[in-house]
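Open the model in a viewer and keep the selection tool at hand. The stops below follow one another as a tour, each with something to select and a short account of what is there.

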Amino acid sequence: MRTAYRTCPLCEAACGLELTVSEDRVVAARGDRDHVFSHGFVCPKGATFGQLTGDPDRLRQPLVRRDGRHVEVSWDEAFAAVEAGLRPLLERHGRNALAIYLGNPNAHTMAGGLYVTPMIKAAGTRNVFSASTVDQMPKHVSSGYLFGHPLTIPVPDIDRTDFLLILGANPWESNGSLATAADFPGRLKAIQARGGRFVVVDPRRTRTAEHADEHLFIRPGTDAYLLFGIVHTLFDEGLVNLRDLAGHVTGIDQVRALAAGFGPDKVAAACGVPAERVRDLARQLALSDKAAVYGRIGTCTVEFGTLTSWLVDVINVLTGNLDRPGGVMFPLAAHLRPSAAGPGKGFTVGRWHSRVRGFPEVKGELPVATLADEIETPGEGQVRAFLTVAGNPALSTPNSGRLDRALGELEFMVSVDPYLNETTRHADVVLPPLEATSKGHFDFSFLGFAVRNFAAYSPPVFPPVSPSVSPSSGIDECDILARLIMVLTGAFPDADAVHEHLLTQALERSGFAQSRDLVRGDGPAERLLDVAVRSGAYGDQFGERPGGLSLERLLENPHGIDLGPLQPRVPEILKTPSGTIELCVPQLAAEADRLLAAPVPAEEQLVLIGRRHLRSNNSWMHNVPALVKGRDRCTLQVNPADAARLALTDGDEAQVTSRAGSLTARVEVTDRVMPSVVSLPHGWGHSLPGVRLSVAAEHPGVNSNVLTDELVIDPLSGNSVLNGIPVDIKPL
Ligand SMILES: Nc1nc2c(c(=O)[nH]1)N[C@H]1C(S)=C(S)[C@@H](COP(=O)(O)OP(=O)(O)OC[C@H]3O[C@@H](n4cnc5c(=O)[nH]c(N)nc54)[C@H](O)[C@@H]3O)O[C@H]1N2
Ligand SMILES: Nc1nc2c(c(=O)[nH]1)N[C@H]1C(S)=C(S)[C@@H](COP(=O)(O)OP(=O)(O)OC[C@H]3O[C@@H](n4cnc5c(=O)[nH]c(N)nc54)[C@H](O)[C@@H]3O)O[C@H]1N2
Ligand code: SF4
Ligand SMILES: [Mo]
């Protein structure tokens with residue numbers, strides 16, 4: 001037995017784990033008490049890390065579908081099958097005949113951070129889709145317009161704030177998102193312990209809401225009204241105070257004019273939050289010395305998602321809390337560098353459009369809500385082949401019943417995924433990456449959203465065995481993606497040539513092309529990390545700044561390296577054409593007008609929202625016994641008043657129907673959901689034929705995305721609407 005330290009790769013909190021390890025498996029996992037960021041915190045998912053990586057249902061060899069059945073083959077056979085399936089098809093129908101879908105775990109792997117972008121380039125298709133358009137795309141778009149770059153997203157400085165307003169987030173169970181904060185619950189309690197307050201706005205009384213100083217119910221999809229009501233009050237009561245941002249903001253008068261139509265009485269009628277509470281929130285935000293507004297997925301997965309995400313930061317700006325300790329701030333990750341001085345090009349969308357419904361490209365991708373259209377609709381540019389990496393769109397995207405049928409019509413499909421699940425069952429070839437314990441880990445995605453700057457790298461716990469030594473051993477995900485790049489380009493003799501090419505590119509981009517011999521690292525991802533970190537904000541600049549960060553220094557510090565509290569970054573970080581925070585662009589002004597003209601949602605219409613549980617992670621962790629045992633969690637929560645009206649009692653089966661589909665769910669009567677709102681978690685529905693998830697099959701649940709509607713989207717970002725879905729409910 002030995003001890004190994006490793007960052008948990010399962011959610012955005014990036015906790016340090018202390019693993020007890022035998023020769024070939026993780027025997028126990030607990031929080032790493034010496035970790036500079038998580039200080040010993042762990043949740044039930046991190047604690048079952050060993051069971052997850054040791055899951056007997058995990059694929060360890062590639063699968064190829066023969067006569068409708070998936071059979072194990074060697075890696076060479078699998079890549080030959082990919083080549084045979086893909087190359088002629090792309091030659092005949094063109095590059096756009098291939099669609100790519102990138103799922104959430106790409107944000108949690110080094111391969112996702114380093115090899116996915118080159119793979120998309122190699123594919124040369126415009127049909128790129130990802131979990132971003134069922135998640136945070138509105139925040140990218142609003143940040144792009146405000147600050148000039150879609151990744152310039154401010155995070156709440158929760159360790160120093162006095163007052164935090166949380167909308168549409170439940171970090172007590174999700175552990176936070178677009179705000180990496182290990183032990184989010186502990187950090188929220190610390191606000192209260194130092195005399196501060198936090199308020200939660202949510203249609204459901206979540207665990208976060210229970211611990212809050214105040215919880216306000218809100219009608220799903222109506223946060224934009226509430227936030228506009230706050231903006232209106234800030235102007236109306238003379239509470240606007242830019243503080244240090246004065247001179248760095250343009251567009252204030254336009255925002256004042258837009259907000260004029262959203263008086264507290266008007267917004268109260270639309271969102272259900274009383275007018276006096278709207279005014280009071282504005283006053284608390286303006287009068288607290290340090291205040292922050294934080295909105296997350298409940299504010300994104302709605303029809304006015306970009307407008308809502310924008311309003312969150314408009315308030316942070318108008319109260320002078322953006323880029324200020326205790327407000328919302330911009331992290332500086334170790335693998336990145338501060339920007340060059342001066343304005344930038346700004347943010348634009350629409351370099352191309354989706355073929356069938358004409359949606360603009362955003363951040364290089366198209367809305368996943370239109371993927372089925374692209375597969376089903378004949379004509380030039382029709383999608384005929386599909387590549388998924390770490391995604392389960394058959395469960396996680398809207399009207400997934402339709403998408404599931406469309407996947408069955410494809411001519412060829414490849415999935416890079418460790419499970420044969422609801423999506424990969426359609427694949428002709430499944431390429432399973434090594435388990436997390438056999439790969440290194442660095443959070444390229446999340447360190448840029450951390451509420452305190454820090455860096456950590458974890459080496460593989462079990463060094464991978466080459467498939468030439470043991471044919472049943474997997475290959476690293478970077479090698480899988482490199483071999484896909486070979487197939488897609490036809491340009492490289494082997495995976496090593498791809499790795500070498502990317503390393504040369506990275507060195508050139510960093511300005512250290514001459515330092516090739518100084519690069520360290522056992523694997524290709526590690527070498528790219530070394531280049532990024534050494535040329536990054538805190539790096540040793542390949543010896544120019546002795547004592548600076550490098551892969552070597554990260555390896556010497558298995559509990560991570562603390563890089564201090566967040567620092568102000570305005571104006572360096574602003575890359576809009578004017579070099580200011582552009583508070584009001586025409587796209588958002590038009591959205592505000594659209595909201596003003598929109599019919600106020602009918603109060604008696606039943607609407608569906610989702611629900612995350614501490615022991616789930618989207619769709620893919622229901623095969624770990626410890627995480628699914630106990631009471632059935634896939635229930636339809638119904639408010640007692642609605643239950644009485646619909647003649648439903650606790651434990652009944654109900655038929656739930658939307659424009660998109662219909663399903664049967666077990667009813668749980670609870671006043672945790674507000675009247676006219678019902679809640680069903682997503683990521684369930686594991687009873688489809690061809691799936692190899694033996695534990696999940698015993699607790700299948702139902703797929704809530706059968707009900708969500710692919711025809712309604714947030715127009716500015718292309719994001720799906722997954723909350724506030726109109727439904728009819730009948731007892732069975
Ligand atoms: N109704 C509703 N739908 C939702 C949401 C909601 O709130 N409500 N939430 C949305 C959100 S926020 C998200 S992010 C999406 C998630 O949507 P997806 O990313 O499509 O789905 P996941 O369930 O995260 O599936 C992850 C897949 O990655 C595989 N995987 C796990 N680890 C690895 C790895 O290391 N490498 C590779 N290659 N594969 C791996 C798993 O086996 C699984 O197939 O769901 C969205 N869908
Ligand atoms: N345990 C667990 N942790 C996870 C995940 C998981 O599946 N399980 N998924 C991970 C992923 S991929 C992500 S993106 C993050 C998401 O992290 P969070 O954003 O914290 O996600 P949720 O827990 O879904 O919280 C969203 C809240 O919004 C509420 N809501 C719904 N509609 C509205 C609305 O219109 N207005 C308002 N104000 N609220 C609304 C819901 O009731 C819910 O409580 O979690 C991550 N962490
Ligand atoms: S909170 Fe997230 S990172 Fe921390 S142990 Fe749980 S799943 Fe892992
Ligand atoms: Mo997500």
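Two strands count as paired if DSSP finds at least two bridges between them. The model on screen is a predicted one.

**Stop 1: a hairpin**

Select residues 63-66, which are strand 4, and residues 69-72, which are strand 5. The two run antiparallel and are joined by four bridges. Which residue of strand 5 is the bridge partner of arginine 65? Show both side chains: the partner is histidine 70. Strand 4 and strand 5 make a hairpin, with two residues between them. Within the turn, pick aspartate 67, where phi is positive at about 50 degrees.

**Stop 2**

Now select residues 1-57. An unreviewed UniProt entry places the feature "domain: 4Fe-4S Mo/W bis-MGD-type" on this range. Colour residues 1-57 by secondary structure: 16% of the chain there is helix and 32% is strand. A distance drawn between the end C-alpha atoms of this range reads 25 Å.

**Stop 2: ligand 1**

- Serine 619: a side-chain N or O atom lies 2.5 Å from an oxygen atom of ligand 1.
- Asparagine 421: a side-chain N or O atom lies 2.7 Å from an oxygen atom of ligand 1.
- Valine 416: a polar backbone atom lies 3.0 Å from a nitrogen atom of ligand 1.

On its own, ligand 1 has 910 Å² of accessible area, and the protein covers 96% of this.

**Stop 3: ligand 2**

- Aspartate 223: an N or O atom of the side chain is 2.6 Å from a nitrogen atom of ligand 2.
- Glutamate 173: a polar backbone atom is 3.0 Å from a nitrogen atom of ligand 2.
- Leucine 614: a backbone N or O atom is 3.4 Å from a nitrogen atom of ligand 2.

Ligand 2 taken alone exposes 920 Å², of which the protein buries 97%.

**Stop 4: two loops**

First, go to the loop between helix 10 (223-236) and strand 12 (249-250), and select arginine 243 there. Phi of arginine 243 is near 50 degrees, a positive value in a residue other than glycine.

Then go to the loop between strand 19 (561-565) and strand 20 (581-582), where proline 571 is found. Is the peptide bond from valine 570 to proline 571 cis or trans? Check omega: the value is near 5 degrees, and the bond is cis.

Notes:
Residues are numbered from 1 along each chain as its sequence is written. Chains are lettered from A and ligands numbered from 1 in the order in which they are written. This is a predicted model: local features need pLDDT of at least 70, side-chain atom pairs count only at pLDDT 80 or more; totals for chains, interfaces and linings use all residues. Side-chain values use heavy atoms; hydrogens and water are left out. A polar contact is a pair of N or O atoms within 3.5 Å; within protein, one must be able to donate a hydrogen and the other to accept it, and residues adjacent in sequence count only if both atoms are side-chain atoms. Accessible areas come from the Shrake-Rupley method with a 1.4 Å probe; for residues, only the protein chains shown count as cover. UniProt positions are given in the numbering used here, feature names are shortened, and annotations may be inferred rather than shown by experiment.
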